[in-house]
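Me: Hi! I'd like to talk through a structure with you. Could you start with a term we will need and then take my questions as they come?

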Amino acid sequence: MSTEEDQKLFLSIGLDEKRAKDTLKNKDLTALLKTIIEEASVSKGCDKSIGNLLYSLATSQQVNSPIRSNISKAIGEEKIKTTIQFQAATQYLKDNKEFNQDSFNNFCGVGVVITPEQIQKAIDDLFTQKAAEISEKKWHLPIGDLLNPLKESLKWADLKEVKTMLDKKLETTLGPKVVEAKEKKVAATPTPVKKIEEQLASITLKQDPSLPTPKRLKIRECSPKFANQRVEVHAWAHHVRNQKKIVFLELRDGTGFLQCVLSGDLVHPSIIDKLLREATVKIVGTLVIPPADKKCPGGVELQADYWELLGSSNADLEGVINQESNVDHLFDQRHIMMRGTRASSIMKIRSLCLFAFRQHFFENHYMEVTPPTLVNTYCEGGSELFTVDYFGKPAYLTQSSQLYLETMLPVLGDNFTITQSYRAEKARTRRHLTEFLHLEAECPFITYEELQDRIEFLVVDVCEKLYKMDPELILSVNPDFKVPKRPFMRMNYSDAIEYCKKNGIQKKLEDGTEVDFEFGDDIPEAQERRMNDQIGEPIFLCRFPAEMKAFYMARCPEDRTLTESLDLLMPGVGEIVGGSMRISDFNELVAAYKKAGLDTDEYYWFTDQRKYGTTQHGGYGLGVERFLTWMLKEEHIRNVCVYQRTKDRITP
């Protein structure tokens with residue numbers, strides 16, 4: 001089949017033109033999606049909802065399951081129709097090697113019918129529970145606060161039907177959304193629009209010169225301290241609720257949120273239509289303390305007396321992303337998605353996290369280093385390198401700055417860096433990135449035990465600092481967050497192998513059979529995380545066999561077949577730190593080069609550290625995104641990235 005025919009096929013199942021073209025750029029994904037379309041028996045075309053689920057299956061982690069074709073077929077036959085059912089189906093693929101129709105139907109809610117009466121009762125019950133909040137926030141209440149609990153209580157219901165009935169209940173309870181009603185009236189009766197435009201010519205908003213000169217503030221500064229004072233705020237319109245004679249705004253400027261009320265001429269129909277969500281505005285008014293029974297961010301509300309449009313928005317914003325958008329589409333629109341309350345909170349925590357790490361290091365007398373990221377050597381393995389043409393010579397994007405940090409030990413002593421690193425890994429797991437923010441540190445004159453203590457202190461201290469900076473922000477993203485307690489559990493690699501044997505954690509062979517782990521086996525991510533989650537606390541996994549680790553790692557004095565290495569595992573994520581003591585002996589390092597097949601001439605500058613004043617030293621690397629994924633209890637590492645870089649994504 002030609003590329004043009006493949007594109008027609010992808011368009012026939014509802015993919016938009018951009019996604020179809022993007023898919024064709026990836027030969028493996030193209031072949032996979034075509035196979036799945038065949039399995040679903042929809043080669044002649046299908047509804048977009050079916051096509052989206054088939055595409056999601058093609059890009060899921062369970063796509064290579066031996067029973068995948070059964071899921072493709074179920075989607076094509078519309079037995080799997082909702083996002084919740086699809087998520088259950090992929091979990092079924094993960095948990096099962098053989099397909100059983102009855103157990104599949106039961107697990108995925110196939111054939112389960114949720115009646116309109118059941119949906120209505122669940123909605124009525126929810127409105128009873130949230131009566132006070134709905135009464136206070138009205139249309140300003142985020143729809144997710146109502147939809148999410150309904151998703152749990154109506155697990156297999158059609159989300160579109162739930163949303164439709166929920167909207168109807170909201171309109172019955174709160175009255176119709178005035179903006180929507182007015183737009184329909186304008187479309188049906190154009191004559192009043194002309195009259196409004198005529199009236200507009202005589203209406204121009206102006207600041208009242210008799211009022212006090214406003215004080216310009218960032219939203220973070222708006223507090224009861226400035227109560228009853230006139231202020232000026234520049235911000236984005238995060239939410240707009242138009243009630244004809246009064247408009248309620250939630251403003252956002254990146255430093256916080258502020259509720260604002262407009263009335264009178266400020267909400268004249270001919271000008272208020274320009275005040276769309278995400279428009280940028282200048283608003284002047286008086287900060288007031290709301291009644292005791294009304295909650296406002298910062299404890300104040302802005303009563304506006306003047307506003308001005310700085311930058312317009314567009315009504316099509318609501319269609320850019322919505323509750324039904326699949327993951328790929330959401331991350332195509334990452335620049336818009338990050339403006340949301342949760343995503344922007346995560347970005348703020350990410351910034352504070354970097355500040356806390358630096359604060360920890362400087363308080364403990366480390367010095368920051370800014371090493372190069374274009375290099376001609378490697379330290380983690382050549383197969384994971386991104387190669388670039390450096391003026392006719394091969395060069396690489398750095399995997400780690402460790403070797404450079406070691407050269408700074410005689411210069412600065414304890415030192416660290418927070419720099420991008422790159423790994424050309426083809427892994428499609430929820431914790432892997434091809435570009436990530438790499439925190440690395442090197443320390444001279446320490447022991448293996450002291451290295452573990454320093455890493456443990458770093459993690460706990462940074463968690464404490466972050467929580468102290470803004471506990472409300474942290475808990476808004478992860479209500480269950482608690483600072484981990486020291487000391488962390490220490491477990492040797494050999495003990496981990498025994499633990500897996502005793503607790504039924506096995507490795508999978510290529511033919512799908514499962515057998516016990518043996519000493520020398522690499523424990524894969526899933527099994528490692530399962531062990532970590534069963535134990536339920538941070539674990540230092542220590543003393544790995546030398547054959548499994550990088551050339552520069554020091555051997556254990558008590559057993560030269562082992563290394564003084566460690567991985568720090570955290571529940572829910574797995575490894576977030578990798579570290580070791582480094583080889584300090586000149587001859588031992590040269591022998592390690594030869595064993596690894598490395599050209600010693602390329603590493604002369606690194607070898608010189610052992611020639612001119614060597615010492616026992618150690619260091620570690622921490623993945624900042626993995627740290628945040630663990631701390632915020634996020635399901636996927638992409639949620640804590642600004643713009644993720646993975647095997648299948650390099651845009652936007």
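This is a predicted model: local features need pLDDT of at least 70, side-chain atom pairs count only at pLDDT 80 or more; totals for chains, interfaces and linings use all residues.

Reply: Happy to! A polar contact here is a pair of N or O atoms within 3.5 Å; within protein, one must be able to donate a hydrogen and the other to accept it, and residues adjacent in sequence count only if both atoms are side-chain atoms.

Me: How many helices and strands are in the chain?

Reply: The chain has 27 helices and 21 strands. Helices (H or I, at least four residues) and strands (E, at least two) are DSSP runs, numbered from the N terminus. The C-alpha trace spans about 90 × 65 × 55 Å along its principal axes.

Me: And what percentage of the residues is buried?

Reply: Of the 652 residues in the chain, 46% are buried. Buried means under 20% relative accessible area, exposed over 50%, and partly exposed in between (1.4 Å probe, protein chains only). As for contacts (heavy atoms within 4.5 Å), 66% of those between residues at least 6 apart in sequence join residues at least 24 apart.

Me: Back to S580. Where is S580, and what does S580 touch?

Reply: S580 belongs to strand β20 and is buried, at 0% relative accessibility. Setting aside residues up to four places away in sequence, S580 touches L451, Y552, M553, E564, S565, G618 and G619.

Me: Which strand is joined to β20 by five bridges?

Reply: That is β21 (residues 617-623), which runs antiparallel to β20 (residues 574-581). M581 stands opposite G618 of β21. In this analysis two strands pair if DSSP finds at least two bridges between them.

Me: What is the strand order in the open sheet of eight strands?

Reply: The order is β7-β11-β12-β21-β20-β19-β16-β13, and the pairing is mixed. β7 (367-368) and β13 (489-492) are the edge strands, each with a single partner, so one side of each has no neighbour in the sheet.

Me: Which helix lies across β13 and β16?

Reply: Helix α23 (residues 493-502) lies across β13 and β16 (539-542), running at about 85° to β13. Axes are lines fitted to C-alpha atoms, for helices over the stretch in contact, and angles run from 0 to 180 degrees between N-to-C directions.

Me: Let's look at T417. Is T417 buried or exposed?

Reply: T417 is buried, with a relative accessible area of 1%, and lies in strand β11 (residues 415-422). Its side chain makes a polar contact of 2.5 Å with the side chain of T419. A polar atom of the T417 side chain also lies 2.8 Å from the backbone oxygen of V369. Beyond residues up to four places away in sequence, T417 touches V369, P371, S401, L405, H438, L439 and E440.

Me: Nice. What about Y306, which strand is that in?

Reply: Y306 is in strand β6 (residues 301-311) and counts as buried at 10% relative accessibility. Its side chain makes a polar contact with the side chain of E308, at 2.8 Å. K282 is among the residues in contact with Y306, as are L205 and L266.

Me: Switching topic: what is the order of the three strands in the other open sheet?

Reply: The order is β8-β10-β9, with antiparallel pairing. β8 (374-375) and β9 (386-390) stand at the edges with a single partner strand each, so one side of each is left without a neighbour in the sheet. β9 pairs with β10 (residues 393-397) over five bridges, and F386 stands opposite L397 of β10.

Me: Which two strands form a hairpin with two residues between them?

Reply: β17 and β18 form that hairpin. β17 (residues 555-556) and β18 (residues 559-563) pair in the antiparallel sense over two bridges, with R555 opposite T563.

Me: Last one: at what angle do α3 and α5 cross?

Reply: The axes of α3 (residues 27-39) and α5 (residues 68-76) cross at roughly 65° and come within 7 Å. The contact is made by L32, T35, I36 and E39 of α3 with R68, S69, S72 and K73 of α5.

Terms used: Residues are numbered from 1 along each chain as its sequence is written. Side-chain values use heavy atoms; hydrogens and water are left out.
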